[in-house]
Amino acid sequence: MTAKIACIAVIGKADNPLHISLFPPYTDSTIEFNFLLNSCLDIFDIHQKQTAISQDLGLLHAVDERLAAYGWLTTTGVKFLVMVDLMGQQVPIGAEKSKGAGAAMSGLRDGNLKPAFHALQTAYIQLLQNPFYSPDDHLPLAKNAAVPTSTSQEITNKKFISEVKRIGESWAPGMAAV
């Protein structure tokens, strides 16, 4: 077995979900992952008070023996969360000895997700450079706002969404770049 990404989430500075991608076999587990992602936001707040920003926060939450949540905080307050399925998918027979299949069961090393987080941050920066994307449209409405706006709070840019999917599907432990 080798670890693989189960979920990637981009969370805004007001703790509003901007984008959530689920990967097989978890594509029908939206409610469960929303709950898990929300529980990780409290851990982000604790780490944010104790550390410098714009860094890899590492393991945030070991959900169970299978799922673990890892986080990255940017200088703008946007949070990237990656949920990793530590048991992942089946490795071909004979390949597990050379790759160290036991590593998947014991978790990931500190730097294993950095290439994925760097790729996510690059994709988000490219989204922000798009002149037709306005990050202010994705802020949650004020509770006493008189007129609700019709804009969605989620990122709908197809290029960004496809890049997140590519990152989630192509990442594997030990990769130097995604």
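Asp 85 is buried, with a relative accessible area of 0%, where buried means under 20% relative accessible area, exposed over 50%, and partly exposed in between (1.4 Å probe, protein chains only). The structure is a predicted model, in which local features need pLDDT of at least 70 and side-chain atom pairs count only at pLDDT 80 or more, whereas totals for chains, interfaces and linings use all residues. Residues are numbered from 1 along each chain as its sequence is written, and side-chain values use heavy atoms, with hydrogens and water left out.

Asp 85 takes part in a salt bridge with Arg 66, and the closest N and O atoms of the two are 2.8 Å apart. A salt bridge is defined as a side-chain nitrogen of Lys or Arg within 4 Å of a carboxyl oxygen of Asp or Glu. Side chains of opposite charge can pair when their charged atoms come close. Arg 66 lies in the loop between strand S3 (55-62) and strand S4 (67-73), while Asp 85 is in strand S5, so the pair ties together parts that are 19 residues apart in sequence. Helices (H or I, at least four residues) and strands (E, at least two) are DSSP runs, numbered from the N terminus.

A search of the whole structure finds three salt bridges. Another of them joins the side chains of Lys 79 and Asp 15, at 2.9 Å from N to O. Lys 79 belongs to strand S5 (residues 79-89) and Asp 15 to the loop between strand S1 (2-11) and strand S2 (17-22), so this contact ties together parts that are 64 residues apart in sequence. Lys 79 is buried, with a relative accessible area of 2%, and Asp 15 is partly exposed, at 27%.

Arg 166 and Glu 163 also form a salt bridge, with their closest N and O atoms 2.7 Å apart. Both residues lie in helix H5 (residues 158-170), three residues apart, which is about one turn of the helix. Arg 166 counts as partly exposed at 33% relative accessibility, and Glu 163 is partly exposed at 24%.

Aromatic rings were examined next. Rings of Phe, Tyr and Trp (its six-membered ring) pair if their centres lie within 6.5 Å; planes under 30 degrees apart count as stacked, over 60 as edge-to-face and the rest as tilted. By this rule there are four aromatic pairs. The ring centres of Tyr 26 and Phe 33 are 5.4 Å apart and the planes stand at 75°, so this pair is edge-to-face. Tyr 26 is buried, with a relative accessible area of 13%, and Phe 33 is buried at 2%. For Trp 72 and Phe 117, the centres are 5.6 Å apart and the planes at 20°, so the pair is stacked. Trp 72 lies in strand S4 and Phe 117 in helix H4 (residues 114-129), so the pair ties together parts that are 45 residues apart in sequence. Both Trp 72 and Phe 117 are buried. Ring pairs also link Phe 80, Tyr 124 and Phe 160 into a cluster.

Helix H1 (residues 30-50) contains 21 residues and reaches 31 Å from its first C-alpha to its last. This is close to the expected 30 Å, the expected span being 1.5 Å times one less than the number of residues. Buried residues in H1 include Phe 33, Leu 36, Leu 37 and Cys 40.
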